[in-house]
Amino acid sequence: MIDGMYPRVLFQNRKPDRIATLDEYRQNGGYRALERVLKEHSPREVCRIIEASDLRGRGGAGFPAGKKWLAVPEDGAYPRYLAANADEMEPGTFKDRVLIHADPHLILEGMTLAGYSFGASKAFLFVRPSYEGIVRIMEREIGIAQRAGYLGKNILGTDFSFEIVVHRSGGRYICGEATALLNAIMGKRPNPTKPPPYPTVKGLWERPTVVNNVETLANVPHILRNGPEWFKGLGLKEKTAGTKLFCVSGKVNRPGCYELPMGVPLSEIIEEHAGGLQPGSELKAVLPGGASTRFLTPDHYHVPMDFDDLGAIGHRLGTAAIMVFDRNTCLVGATLNLTRFFARESCGWCTPCREGLPYLRELLDRIENGEGKEEYLPLIRTMCAQLWNSYCALAPGAASPIESLLSFFEDEVREHIVQKRCPFPSVSGS
Amino acid sequence: MVPSRLRDELRESVVRAEHPREKAVDVMFALQDHYGYMNDRAMAEAAEILGMTPLELEELATFYDFIYREPVGKYVIRVCDSAVCWMNGLESVLDHLQSRLGISTGETTPDGLFTLLPVCCIGYCDRSPAMLVNRKVYGNLTGERIDEILEDLRRQAALSQRND
């Protein structure tokens, strides 16, 4: 299975060294969905088409996109807002960066169509500090789209007007959480808030607001152009719809971002597309969907990569960022690294997260450095269970790699305790 | 004091925004670029431009890790220390930078050119190990590559000093 075997949808205009221009985007059918939809479809019809396509959110949670748009009450207040999430701070994830660099107008058209579907007049594209290049590209391309009549007042001569602005983030992982992101845009301290009310009812400035990941939005023009059945047919299996951008990193020969059908086996992604494991490396574990997912063992090497198949074996697709760990990499060290990340990025709002994560980090640090004790294992399990009582999804996400470390690699953890040292060659200063 | 042209520009962008506070991070970034970091005077000026109290702005400044409330060097080097870079040689990247710059993580070189700080995953796992210098990303780091980058930055700094 080599490149070219599967249809490229989101990456159809991707070039090795530069973005696709507006003209190139148009040559391949770009903005045709917008032209047709504004003439032929009511906003509600657009929601129904997306609902029928089974498009699920690509940012991590997998919530059905059409259903989210339909959650905006028809009699809800105006103005309404769209927040396009390109924060992408989940370790291992870089698909939004590659996608925006490939085809910026695909994002702009998707945002405009999404805005039309629930009556929004303004969108914010939320971008993290390390993606400053994206800010510049998008601000420039927004201007180009405006001059071509695809954005701004009375788009394509209709009475639909829509504005897109780029919002720079000041950093911090929690800003990618939908409610925290809205606080960030409003210039408030970006702590999450707990629904209800949901942002679709009361979001930015108390108005109906939809938060979508940019990869989700990029699918929208294609679905509206080709129909929901076409989209469903892209998945490799029944009930898997569309393609997915898989980011592969770690001990593989060709780390990178690959667009493949939803439901493609993990083993195929690693071997055929990412070039297999590096010479001398043997697979030990995979984080299948970013840092907030559970370690997957080689027993599940052939699992189809989609929401339901991973869910059926107790795992999550998350952001589909596949981090590959080999036999020589210490998973206690890796988990310590992930836990340091989450402890640092906790917003500190609630106690289970603020207190629990440093506690777990400390226990893992002692084990990794040969000062672990047998009685730490039940302490870790208890504290991980407590993290599920926290206010938002950050701490339960942080618990996932730790819990799975103990479930599947307890022997490796014990070896550290018994030998009073890390049994692996040092890869880093953990 | 902030030059009046910059202040007017920022005021105008705040007026144009639907809600002034939307612009809080943009205004802080602009003043941070001017002063080098968000000192107390910059905080007061930013708050005034935004129509916020200094305390309201402090809530944001202390939250975001790209807002610096302490002096930093002209070039802030932020080394990604998340899982993939950790796996791919973070330790040797840090060792190399610390020895070349003669500082530890969290410190600034005595000439005020470089500050070394960690950063969470910057989304360049396909070019790991990676780091940011101010807003620019450098990936596939090796000792040799780091030396070239530092040399380039030193040259740039000397040039900009001469032009001042």
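This is a predicted model: local features need pLDDT of at least 70, side-chain atom pairs count only at pLDDT 80 or more; totals for chains, interfaces and linings use all residues.
In chain A, strand E1 and strand E2 run parallel and are joined by seven bridges.

At one place along the pairing of the two strands, Ala86(A) stands opposite Val127(A) of E2(A). E1(A) also has a partner in E4(A), to which it is joined by five bridges, again in the parallel sense; here the bridge partner of Ala84(A) is Asn212(A). E2(A), which covers residues 120–127, pairs in parallel with E3(A) over six bridges, and in that pairing Phe124(A) stands opposite Val165(A).

| Strand pair | Sense | Bridges |
|---|---|---|
| E1(A) and E2(A) | parallel | seven bridges |
| E1(A) and E4(A) | parallel | five bridges |
| E2(A) and E3(A) | parallel | six bridges |

Taken together, four strands of chain A form an open sheet with parallel pairing, in the order E3-E2-E1-E4. Strand E3 (163–168) and strand E4 (209–213) of chain A stand at the edges, where each has a single partner strand, so one side of each is left without a neighbour in the sheet. On average, and with direction ignored, neighbouring strands of this sheet are turned by 20° against each other. Helix H9 of chain A, made of residues 214–226, packs on the sheet and touches both strand E1 (80–86) and E4(A), its direction making about 95° with that of E4(A).

**The domains of chain A**

The domain assignment divides chain A into domain 1 (22–233), domain 2 (235–326) and domain 3 (331–419). The C-alpha centres of domain 1 and domain 2 of chain A lie 26 Å apart, and 19 residues of domain 1 are in contact with 17 residues of domain 2. On the side of domain 1 that touches domain 2, helix H5 (95–102), H9 and helix H10 (228–234) of chain A each supply at least two residues, and H5(A) gives the most, with three residues. The residues of that side divide into six nonpolar, seven polar and six charged.

Chain B has seven helices and four strands, which from the N terminus on run α-α-α-α-β-α-α-β-β-β-α. Its C-alpha trace spans about 45 × 40 × 25 Å along the principal axes, and of the 164 residues of chain B, 39% count as buried. Chain B is divided into domain 1 (4–61) and domain 2 (75–163), with 28 Å between their centres, taken over C-alpha atoms. Among contacts in chain B between residues at least 6 apart in sequence, 55% join residues at least 24 apart.

Where the two chains meet, 33 residues of chain B are in contact with 41 residues of chain A. The elements of chain B that give two or more residues to this side are helix H2 (24–35), helix H4 (54–61), helix H5 (83–87) and helix H6 (90–101). The residues on the side of chain B that touches chain A divide into 21 nonpolar, four polar and eight charged.

How values were computed
Residues are numbered from 1 along each chain as its sequence is written. Chains are lettered from A and ligands numbered from 1 in the order in which they are written. Two residues are in contact if their C-beta atoms, placed from the backbone, lie within 7 Å. Ala, Val, Leu, Ile, Met, Phe, Trp, Tyr, Cys and Pro count as nonpolar, Asp, Glu, Lys and Arg as charged, and the others, Gly among them, as polar. Two strands pair if DSSP finds at least two bridges between them. Axes are lines fitted to C-alpha atoms, for helices over the stretch in contact, and angles run from 0 to 180 degrees between N-to-C directions. Domain bounds come from an automatic or database domain assignment. A residue is buried if 20 or more other C-beta atoms lie within 10 Å of its own, exposed if 12 or fewer, and partly exposed in between; C-beta atoms are placed from the backbone.
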